[in-house]
Amino acid sequence: MHLSPRFNRYSVLILDDHEVVLHGLRQCLSTEADIELRGFCSTSRELLNVLATRTADILIIDFMLGPQDVDGINLIKVLKLRFPSCKLLVLSAQYTPATAALVLHAGAHGFIGKSLPLDDVASAVRAVARGQIYLTRDMAMELAEFSESALRPATVPGNAEHTPLLASPLLSPREREVLRCCLDGMSVAQIAGKFSRSSNTISTQKQSAFRKIGIRNDNELFKMRNQLDRP
């Protein structure tokens, strides 16, 4: 970790594709005497271009960007590889223990939800800059419960291969069994036939489960399963 010698501050670059979020972060952090804002980016390409010419101590990055952009785990991996001296603070609207486990496993140094008070961001920046892993106390407790659940295969019916993902305490039993079937390669129609429910009901349960674990589609479901299952 290096401090910006000229200002003796922690330098920060921010990536988010929502102007309102960028404005809020600018207003919040610009008043902090020990934080130097070095730029605001709305795409991952823009961030990578900026980092090619000027670095920062902390990168605050949105976990989910636009549909055509590189985001999430892939972006964390790219930044860790190309800019290893930068510490990553991940910002997400999907503030769940499963997402926290995913980003920390990928190498991020902190995780903060967009629903939290803006003042928490400055605290997170300072903690990450000091070499700490930042989580709020509530999220740290939820993550500990999630991790403990993931180590108990017997609590989750079905294929043990999917246990770490399906063990989230946020999931209802029906949401859990729908996700298990999705991970086994079944379509919504096939799951509906298996459980004698309507396709609309299965689709609603699937989307509810997706929201709870912080993902948007099947592709992200399998990516998350692979990340959580990787030793």
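Let's start with a word you'll need: buried means under 20% relative accessible area, exposed means over 50%, and partly exposed is in between (1.4 Å probe, protein chains only). What you have open is a predicted model, where local features need pLDDT of at least 70, side-chain atom pairs count only at pLDDT 80 or more, and totals for chains, interfaces and linings use all residues. Residues are numbered from 1 along each chain as its sequence is written, and side-chain values use heavy atoms, with hydrogens and water left out.

**Stop one: Phe111.** Select Phe111 and check its surface: at 0% relative accessibility, it counts as buried.

**Stop two: its partner.** The structure holds one aromatic pair (ring centres of Phe, Tyr or Trp, with its six-membered ring, within 6.5 Å; planes under 30 degrees apart are stacked, over 60 edge-to-face, the rest tilted). Tyr95 and Phe111 make that pair, stacked at 5.3 Å centre to centre with 20 degrees between the planes.

**Stop three: the core.** Select Leu59, Ile61, Ile76 and Leu79, which touch the most other members of the largest nonpolar core, 49 residues in total. Such a core is a set of buried Ala, Val, Leu, Ile, Met, Phe, Trp, Tyr and Cys residues joined through side-chain atoms within 4.5 Å. Zoom in on Ile61: leaving out residues up to four places away in sequence, it touches Leu15, Leu47, Leu75, Ile76, Leu79, Leu89, Val90 and Leu91, where contact means heavy atoms within 4.5 Å.

**Last stop: Arg26.** Arg26 lies over the face of Phe40, 4.2 Å from the ring centre. To count, NZ of Lys or CZ of Arg must be within 6 Å of the ring centre and within 35 degrees of the ring normal. Lys194 lies over the face of Phe195 at 5.5 Å.
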